[in-house]
Amino acid sequence: MDLGIRGRRALVAAASKGLGRGCAEALAAAGVDLVINARGAEALARTAAEIRAAHGVNVTEVAADITSEAGRAAVLAAAGAVDILVTNAGGPPPGHWSDWGRDDFIRALDANMLTPIALMQAVLPGMIARRWGRIVNITSQSVKAPIATLGLSNAARTGLTGFVAGTARQVAPDGVTINNLLPGIHDTDRATSLDSGVATGAGIPLEEARARRAATIPVRRYGTVEEFGATCAFLCSAHAGFIVGQNLLLDGGAMNATL
(Lines give C-alpha, C1' and ligand atoms only; values in the text may rest on other atoms or scores of the structure.)
Protein backbone atom coordinates (compact mmCIF):
# COMPACT_ATOMS: atom_id res chain seq x y z
CA MET A 1 0.00 0.00 0.00
CA ASP A 2 1.23 3.50 -0.85
CA LEU A 3 0.92 5.42 2.41
CA GLY A 4 0.74 8.75 0.60
CA ILE A 5 3.46 10.42 2.68
CA ARG A 6 6.48 10.26 0.36
CA GLY A 7 8.47 13.47 0.67
CA ARG A 8 7.07 14.34 4.10
CA ARG A 9 9.42 15.11 6.97
CA ALA A 10 9.31 13.26 10.30
CA LEU A 11 10.92 13.71 13.68
CA VAL A 12 11.33 10.42 15.53
CA ALA A 13 12.64 10.50 19.09
CA ALA A 14 14.73 7.75 20.70
CA ALA A 15 15.17 6.19 17.27
CA SER A 16 18.59 4.54 17.37
CA LYS A 17 17.14 1.17 18.37
CA GLY A 18 14.02 -0.65 19.52
CA LEU A 19 10.52 0.60 18.81
CA GLY A 20 11.69 4.07 17.83
CA ARG A 21 13.97 2.64 15.17
CA GLY A 22 11.17 0.40 13.96
CA CYS A 23 9.01 3.48 13.40
CA ALA A 24 11.85 5.36 11.68
CA GLU A 25 12.56 2.43 9.36
CA ALA A 26 8.91 2.06 8.36
CA LEU A 27 8.52 5.77 7.67
CA ALA A 28 11.72 5.78 5.62
CA ALA A 29 10.44 2.82 3.61
CA ALA A 30 7.38 4.97 2.81
CA GLY A 31 9.66 7.70 1.44
CA VAL A 32 9.66 10.01 4.45
CA ASP A 33 12.75 12.12 5.21
CA LEU A 34 13.83 11.82 8.83
CA VAL A 35 15.26 13.68 11.76
CA ILE A 36 16.16 11.07 14.35
CA ASN A 37 17.35 11.48 17.91
CA ALA A 38 18.95 9.44 20.67
CA ARG A 39 21.47 10.04 23.42
CA GLY A 40 24.19 7.71 22.10
CA ALA A 41 25.94 9.42 19.17
CA GLU A 42 27.67 6.29 17.85
CA ALA A 43 24.58 4.08 17.70
CA LEU A 44 22.54 6.96 16.27
CA ALA A 45 25.04 7.64 13.50
CA ARG A 46 25.12 3.95 12.61
CA THR A 47 21.31 3.80 12.46
CA ALA A 48 21.15 6.93 10.29
CA ALA A 49 23.69 5.51 7.83
CA GLU A 50 21.86 2.18 7.60
CA ILE A 51 18.50 3.85 6.98
CA ARG A 52 19.97 6.12 4.28
CA ALA A 53 21.55 3.15 2.54
CA ALA A 54 18.43 1.01 2.75
CA HIS A 55 15.80 3.57 1.74
CA GLY A 56 17.51 6.47 0.01
CA VAL A 57 15.89 9.17 2.14
CA ASN A 58 17.46 12.15 3.86
CA VAL A 59 18.30 11.41 7.49
CA THR A 60 19.52 14.01 9.97
CA GLU A 61 20.70 12.69 13.33
CA VAL A 62 20.85 14.75 16.52
CA ALA A 63 22.50 13.15 19.54
CA ALA A 64 20.87 14.71 22.59
CA ASP A 65 18.82 13.91 25.67
CA ILE A 66 15.29 14.61 24.44
CA THR A 67 14.03 14.74 28.03
CA SER A 68 16.13 17.86 28.75
CA GLU A 69 15.19 21.38 27.69
CA ALA A 70 18.52 21.86 25.94
CA GLY A 71 18.21 18.51 24.17
CA ARG A 72 14.73 19.31 22.89
CA ALA A 73 15.87 22.72 21.68
CA ALA A 74 18.72 21.15 19.68
CA VAL A 75 16.48 18.51 18.13
CA LEU A 76 13.70 20.94 17.24
CA ALA A 77 16.18 23.41 15.73
CA ALA A 78 17.53 20.70 13.46
CA ALA A 79 14.08 19.37 12.62
CA GLY A 80 12.54 22.60 11.39
CA ALA A 81 9.06 22.21 9.93
CA VAL A 82 7.97 18.60 10.42
CA ASP A 83 4.83 16.91 9.15
CA ILE A 84 5.11 13.86 11.40
CA LEU A 85 6.18 13.55 15.02
CA VAL A 86 6.79 10.27 16.82
CA THR A 87 7.50 10.77 20.52
CA ASN A 88 9.35 8.14 22.47
CA ALA A 89 11.52 7.89 25.57
CA GLY A 90 12.76 5.05 27.72
CA GLY A 91 10.53 4.10 30.60
CA PRO A 92 11.46 4.57 34.25
CA PRO A 93 12.86 1.61 36.20
CA PRO A 94 10.60 -0.93 37.90
CA GLY A 95 10.21 -0.96 41.64
CA HIS A 96 7.83 -0.95 44.59
CA TRP A 97 5.46 1.84 45.62
CA SER A 98 7.25 2.25 48.93
CA ASP A 99 10.58 2.94 47.20
CA TRP A 100 9.53 5.99 45.18
CA GLY A 101 9.78 9.58 46.32
CA ARG A 102 8.88 12.89 44.76
CA ASP A 103 12.09 13.11 42.73
CA ASP A 104 11.41 9.71 41.16
CA PHE A 105 7.96 10.81 40.04
CA ILE A 106 9.25 14.13 38.71
CA ARG A 107 11.85 12.31 36.58
CA ALA A 108 9.18 9.95 35.24
CA LEU A 109 6.82 12.82 34.46
CA ASP A 110 9.60 14.78 32.74
CA ALA A 111 10.53 11.87 30.50
CA ASN A 112 7.21 10.20 29.73
CA MET A 113 4.63 12.99 30.02
CA LEU A 114 6.11 16.48 29.89
CA THR A 115 8.67 15.78 27.14
CA PRO A 116 6.12 14.50 24.61
CA ILE A 117 3.79 17.36 25.53
CA ALA A 118 6.58 19.90 24.96
CA LEU A 119 7.40 18.36 21.57
CA MET A 120 3.74 18.44 20.55
CA GLN A 121 3.39 22.05 21.63
CA ALA A 122 6.44 22.93 19.53
CA VAL A 123 5.30 21.31 16.27
CA LEU A 124 1.52 21.73 16.41
CA PRO A 125 1.38 25.39 15.35
CA GLY A 126 3.22 24.61 12.10
CA MET A 127 1.10 21.55 11.39
CA ILE A 128 -2.07 23.56 11.99
CA ALA A 129 -0.86 26.33 9.69
CA ARG A 130 -0.12 23.79 6.93
CA ARG A 131 -3.43 22.00 7.58
CA TRP A 132 -1.80 18.56 7.87
CA GLY A 133 0.07 16.69 10.53
CA ARG A 134 0.45 13.33 12.22
CA ILE A 135 1.58 12.72 15.80
CA VAL A 136 2.07 9.29 17.34
CA ASN A 137 3.11 8.89 20.97
CA ILE A 138 4.65 5.59 22.01
CA THR A 139 3.23 4.92 25.47
CA SER A 140 2.54 1.50 27.04
CA GLN A 141 -0.06 -1.19 27.57
CA SER A 142 0.12 -0.16 31.23
CA VAL A 143 -2.14 2.80 30.37
CA LYS A 144 -5.01 0.33 29.99
CA ALA A 145 -3.83 -2.44 32.30
CA PRO A 146 -1.44 -1.12 34.97
CA ILE A 147 1.66 -3.12 35.80
CA ALA A 148 2.31 -3.06 39.54
CA THR A 149 6.09 -2.88 39.34
CA LEU A 150 5.95 -0.08 36.76
CA GLY A 151 4.05 2.42 38.87
CA LEU A 152 6.16 5.36 37.74
CA SER A 153 5.43 4.55 34.12
CA ASN A 154 1.75 3.89 34.84
CA ALA A 155 1.37 7.35 36.34
CA ALA A 156 3.34 9.38 33.81
CA ARG A 157 1.98 7.73 30.68
CA THR A 158 -1.60 7.92 31.89
CA GLY A 159 -1.14 11.66 32.37
CA LEU A 160 0.06 11.96 28.77
CA THR A 161 -2.97 9.98 27.63
CA GLY A 162 -5.31 12.45 29.30
CA PHE A 163 -3.58 15.39 27.62
CA VAL A 164 -3.81 13.74 24.21
CA ALA A 165 -7.48 12.87 24.64
CA GLY A 166 -8.47 16.52 24.77
CA THR A 167 -5.82 18.02 22.50
CA ALA A 168 -6.40 15.55 19.65
CA ARG A 169 -9.98 16.71 19.32
CA GLN A 170 -8.97 20.36 19.35
CA VAL A 171 -6.56 20.04 16.44
CA ALA A 172 -8.49 17.51 14.35
CA PRO A 173 -10.42 20.23 12.43
CA ASP A 174 -7.05 21.47 11.15
CA GLY A 175 -6.12 18.17 9.52
CA VAL A 176 -3.85 17.10 12.38
CA THR A 177 -4.25 13.75 14.11
CA ILE A 178 -2.76 12.65 17.43
CA ASN A 179 -2.87 9.03 18.54
CA ASN A 180 -1.04 6.78 20.99
CA LEU A 181 0.52 3.39 20.35
CA LEU A 182 0.48 1.12 23.40
CA PRO A 183 3.10 -1.62 23.07
CA GLY A 184 2.95 -4.82 24.99
CA ILE A 185 6.07 -6.94 25.15
CA HIS A 186 8.29 -6.53 22.12
CA ASP A 187 11.68 -8.03 21.46
CA THR A 188 13.74 -5.01 22.55
CA ASP A 189 16.47 -4.14 25.05
CA ARG A 190 13.75 -2.91 27.43
CA ALA A 191 12.12 -6.35 27.45
CA THR A 192 15.48 -7.99 28.06
CA SER A 193 16.13 -5.66 30.98
CA LEU A 194 12.76 -6.42 32.58
CA ASP A 195 13.13 -10.15 31.96
CA SER A 196 16.60 -10.07 33.51
CA GLY A 197 15.14 -8.54 36.66
CA VAL A 198 12.51 -11.26 36.85
CA ALA A 199 15.11 -13.96 36.23
CA THR A 200 17.36 -12.64 38.97
CA GLY A 201 14.50 -12.36 41.45
CA ALA A 202 13.21 -15.85 40.71
CA GLY A 203 16.63 -17.48 40.43
CA ILE A 204 15.96 -18.80 36.93
CA PRO A 205 17.77 -18.42 33.60
CA LEU A 206 16.86 -15.44 31.42
CA GLU A 207 15.59 -17.78 28.70
CA GLU A 208 13.13 -19.35 31.13
CA ALA A 209 11.87 -15.97 32.31
CA ARG A 210 11.32 -14.97 28.70
CA ALA A 211 9.54 -18.23 27.88
CA ARG A 212 7.24 -17.85 30.87
CA ARG A 213 6.23 -14.38 29.81
CA ALA A 214 5.74 -15.38 26.17
CA ALA A 215 3.41 -18.13 27.37
CA THR A 216 1.08 -15.48 28.86
CA ILE A 217 0.61 -13.82 25.45
CA PRO A 218 -2.09 -15.37 23.24
CA VAL A 219 0.17 -15.30 20.17
CA ARG A 220 2.85 -17.04 22.30
CA ARG A 221 5.66 -14.72 21.27
CA TYR A 222 6.99 -11.21 21.72
CA GLY A 223 6.14 -8.54 19.17
CA THR A 224 8.69 -7.41 16.60
CA VAL A 225 9.91 -3.89 16.01
CA GLU A 226 9.04 -4.30 12.32
CA GLU A 227 5.34 -4.88 12.91
CA PHE A 228 5.26 -2.09 15.48
CA GLY A 229 6.90 0.28 13.00
CA ALA A 230 4.45 -0.67 10.25
CA THR A 231 1.52 0.16 12.51
CA CYS A 232 3.09 3.50 13.39
CA ALA A 233 3.65 4.32 9.72
CA PHE A 234 0.01 3.60 8.91
CA LEU A 235 -1.16 5.95 11.67
CA CYS A 236 1.10 8.59 10.08
CA SER A 237 -0.25 7.91 6.60
CA ALA A 238 -2.64 9.80 4.36
CA HIS A 239 -5.18 7.04 5.02
CA ALA A 240 -5.41 7.63 8.79
CA GLY A 241 -7.03 11.05 8.87
CA PHE A 242 -10.20 9.70 10.52
CA ILE A 243 -8.33 8.08 13.43
CA VAL A 244 -8.26 10.66 16.21
CA GLY A 245 -7.30 10.44 19.88
CA GLN A 246 -7.09 6.66 19.95
CA ASN A 247 -5.01 4.33 22.12
CA LEU A 248 -4.06 1.36 19.99
CA LEU A 249 -2.81 -1.74 21.79
CA LEU A 250 -0.11 -3.83 20.15
CA ASP A 251 0.18 -6.60 22.72
CA GLY A 252 -0.58 -9.88 20.96
CA GLY A 253 -3.89 -10.07 22.83
CA ALA A 254 -2.26 -10.02 26.26
CA MET A 255 -4.76 -7.62 27.78
CA ASN A 256 -7.93 -9.62 28.38
CA ALA A 257 -10.78 -7.16 27.84
CA THR A 258 -13.93 -6.83 25.75
CA LEU A 259 -13.38 -3.15 24.91
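Guide: Axes here are lines fitted to C-alpha atoms, for helices over the stretch in contact, with angles from 0 to 180 degrees between N-to-C directions. The model is a predicted one, in which local features need pLDDT of at least 70 and side-chain atom pairs count only at pLDDT 80 or more, while totals for chains, interfaces and linings use all residues. Residues are numbered from 1 along each chain as its sequence is written, and side-chain values use heavy atoms, with hydrogens and water left out.

Visitor: At roughly what angle do the axes of α4 and α5 cross?

Guide: Both are helices, that is, DSSP runs (H or I, at least four residues; strands are E, at least two) numbered from the N terminus. The axes of α4 and α5 come within 8 Å, and they cross at roughly 20 degrees.

Visitor: Is α4 roughly parallel or roughly antiparallel to α5?

Guide: Angles under 35 degrees count as roughly parallel, over 145 as roughly antiparallel, 65 to 115 as roughly perpendicular and the rest as oblique. The crossing of α4 and α5 is at roughly 20 degrees, and therefore α4 and α5 are roughly parallel.

Visitor: How many charged residues does the contact of α4 with α5 have?

Guide: Contact means heavy atoms within 4.5 Å, and residues of α4 including Phe105, Leu109 and Ile117 meet residues of α5, among them Leu152, Leu160 and Phe163. Ala, Val, Leu, Ile, Met, Phe, Trp, Tyr, Cys and Pro count as nonpolar, Asp, Glu, Lys and Arg as charged, and the others, Gly among them, as polar. Beside 16 nonpolar and 3 polar residues, the contact of α4 with α5 has charged residues numbering 2.

Visitor: Is α1 oblique or roughly parallel to α8?

Guide: Helix α1 (residues 18-29) and helix α8 (residues 225-235) have axes that come within 7 Å and cross at roughly 55 degrees. That angle is why the arrangement of α1 to α8 is oblique.

Visitor: Which element gives the most to the lining of the largest cavity?

Guide: The largest cavity has a volume of about 60 Å³, and among its 13 lining residues the closest to the centre are Thr87, Asn88, Ala89, Ala111 and Pro116. Two or more lining residues come from each of α4 (102-130) and α5 (151-171). On a 1 Å grid over the protein atoms alone, a cavity is a set of points where a 1.4 Å probe fits but cannot get out, and lining residues have an atom within 4 Å of a point. With 5 residues, the element that gives the most is α4.

Definitions and conventions. On a 1 Å grid over the protein atoms alone, a cavity is a set of points where a 1.4 Å probe fits but cannot get out, and a pocket is an open set with protein on both sides within 12 Å along at least five of seven lines; lining residues have an atom within 4 Å of a point. Grid points are joined across faces, edges and corners, and a volume is the space filled by probe spheres set on the points.
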